[in-house]
Amino acid sequence: MELYLDLRSQPCRSLFMFAKANAIPFQFKLVDLAKGEQYGEEFGKISPIRKVPVMKDGDFVLTESVAILQYLVEKHASFLADHWYPADLRQRARVNEYLSWQQMNLRAHGSKVFLLKNMYPVVMGQEVPEDKMSSAVEELTQAVDILENYFLGESLFLCGASISLADVVAMAEIMQPVSSGVDVFSTRPKLSAWRERVKKEVGVALFDEAHAAIMTSGGVAQTLREGGLPQIFKDKFKKAFL
């Protein structure tokens, strides 16, 4: 099985952590998003959607990270712990509830903060306007409030007493704005304790490996400045944020 990934991408990190933590064998195929490799001819032959992650299992190609995670759970059900994606109807519904909610909420707002912090100065040649940045952070704060108060609540993990797909997906998303200096954990001890439990469950070394690309010195912004951005990337960014 091949997984086409760039660990600067949140969905790629969640898939990477889940597969590695559960000893699911795969070949790591790097698709460098900053270089625009997803728009290249070779990757287009694999996926016309031109986004990562992509899974290629023999002649079967699957896109969308949640679909891939669910596929892996069902394919490897014989040795995977049930808590990742519980067989119980209501427990599984809770995991699905989070996976459905996060796309237009924590993911959308965390990604917006990350892109404004890292790409706006590179593409626009100036710092993000204060009102635009404040609005994005406020939207993220509201999403994190729901994550903490509704999904986590008084439980150890988002969907109960054990880690699930919801936790690895959420953690990959929330670390994206954190890497840009918007530390949503700093005033949230309950959420910080949850992060430490997730790290322990997936393995601290694996957690750090997955997030090294966004958390290392200089971060993504410096990488973008040094390597430049393909014009197609700049055009898409301007269309989204102007």
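Buried means under 20% relative accessible area, exposed means over 50%, and partly exposed lies in between (1.4 Å probe, protein chains only). I start with Thr216, which is partly exposed, with a relative accessible area of 44%.

I note that the model is predicted: local features need pLDDT of at least 70, side-chain atom pairs count only at pLDDT 80 or more, and totals for chains, interfaces and linings use all residues. Residues are numbered from 1 along each chain as its sequence is written, and side-chain values use heavy atoms, with hydrogens and water left out.

**Entry 1: Thr216 and α10**

I found Thr216 in the loop between α10 and α11 (219-227). Helices (H or I, at least four residues) and strands (E, at least two) are DSSP runs, numbered from the N terminus.

I then checked the length of α10 (residues 204-215). A straight helix of 12 residues would span 16 Å at 1.5 Å a residue, but α10 spans only 14 Å between its end C-alpha atoms. The expected span is 1.5 Å times one less than the number of residues.

Which residues of α10 are buried? They are Leu206, Phe207, Ala210, His211 and Ile214. Seen down the axis of α10, these buried residues fall within an arc of 105°, so they line one face of the helix. The arc is taken from the directions from the helix axis to the C-beta atoms.

**Entry 2: backbone angles**

Most residues other than glycine have a negative phi, and most peptide bonds are trans. I looked up the following cases.

- Ala23 has a phi near 55°, a positive value in a residue other than glycine. Ala23 is in the loop between α1 (10-21) and β2 (27-30), and at 61% relative accessibility it counts as exposed.
- Glu64 is not a glycine, yet its phi is positive, at about 75°. I located Glu64 in the loop between β4 (60-63) and α3 (65-75); it is partly exposed, with a relative accessible area of 49%.
- Val52 and Pro53 are joined by a cis peptide bond, with omega about 5°. Pro53 is in the loop between α2 (41-46) and β3 (54-57).

**Entry 3: the core**

A nonpolar core is a set of buried Ala, Val, Leu, Ile, Met, Phe, Trp, Tyr and Cys residues joined through side-chain atoms within 4.5 Å. The largest one has 72 residues, and Tyr98, Ile174 and Trp194 have the most contacts inside it. Helix α8 (residues 165-179) gives the most to this core, with 10 residues.

What does Ile174 touch, not counting residues up to four places away in sequence? I listed Leu106, Val144, Leu147, Val184, Phe185 and Leu191. Contact means heavy atoms within 4.5 Å.

**Entry 4: aromatic rings**

Rings of Phe, Tyr and Trp (its six-membered ring) pair if their centres lie within 6.5 Å; planes under 30 degrees apart count as stacked, over 60 as edge-to-face and the rest as tilted. The structure holds 9 aromatic pairs. Tyr98 and Phe151 form an edge-to-face pair, 5.2 Å centre to centre with 85° between the planes. This pair links helix α4 (residues 89-102), which holds Tyr98, to helix α7 (residues 130-152), which holds Phe151, 53 residues apart. Both Tyr98 and Phe151 are buried.

Trp101 and Phe151 form a tilted pair, 4.9 Å centre to centre with 45° between the planes.
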